[in-house]
Amino acid sequence: MRTNATGRVLHDPKGGSFRFDAGAVCLDFAYTGGEGRYAVFETLHEPADLGEWLAQPPLDAVATVPVTTDDLVAAKTLRQAIWEAARARA
């Protein structure tokens, strides 16, 4: 796999997993979970989960400050906005 590849391994709540690559990190982030019927796919349950997501390729972000609960709430708000914008555009 390319070192700068986007995409993540997604896990189905009923079992199994698969690689999903939306072609852009922002769209990959949109698939980390969601609200309503998408809540079963939630992967960002606590601040450390967001920190781990950011540390994976292609971002490889090194957090020098721990991710807070407020950061997680803001990230989920951003994720919902990305989801809605992408869905409207599609």
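Q: Hi! Is Arg79 buried or exposed?
A: Arg79 counts as buried in this predicted model, because its relative accessibility is 4% and the cut-off for buried is under 20%.

Q: And which residue does Arg79 form a salt bridge with?
A: That would be Glu42, and the closest N and O atoms of the pair are 2.8 Å apart.

Q: What about Glu42, buried or exposed?
A: Glu42 has 14% relative accessibility, so Glu42 counts as buried.

Q: How many salt bridges does the count come to?
A: The count comes to one salt bridge.

Q: Switching topic: which residues make up the largest nonpolar core?
A: That core has 10 residues, including Phe29, Leu44, Leu50, Trp53, Ile82 and Trp83. Helix 1, helix 2 and helix 3 are the elements that give two or more residues to this core.

Q: Which helix gives the most to it?
A: Helix 3 does, with four residues.

Q: Okay, now helix 2. Which of its residues are buried?
A: Helix 2 covers residues 47-55, and Pro47, Asp49, Leu50, Gly51 and Trp53 are buried there.

Q: What covers those buried residues?
A: Among the parts covering them are strand 1 (8-11), helix 1 (25-30) and helix 3 (69-89).

Q: Last one: what does Trp53 touch?
A: Leaving out residues up to four places away in sequence, Trp53 touches Arg8, Val25, Asp28, Phe29, Thr32, Leu44 and Leu59.

Methods. Residues are numbered from 1 along each chain as its sequence is written. This is a predicted model: local features need pLDDT of at least 70, side-chain atom pairs count only at pLDDT 80 or more; totals for chains, interfaces and linings use all residues. Side-chain values use heavy atoms; hydrogens and water are left out. Buried means under 20% relative accessible area, exposed over 50%, partly exposed in between (1.4 Å probe, protein chains only). Contact means heavy atoms within 4.5 Å. A salt bridge is a side-chain nitrogen of Lys or Arg within 4 Å of a carboxyl oxygen of Asp or Glu. A nonpolar core is a set of buried Ala, Val, Leu, Ile, Met, Phe, Trp, Tyr and Cys residues joined through side-chain atoms within 4.5 Å.
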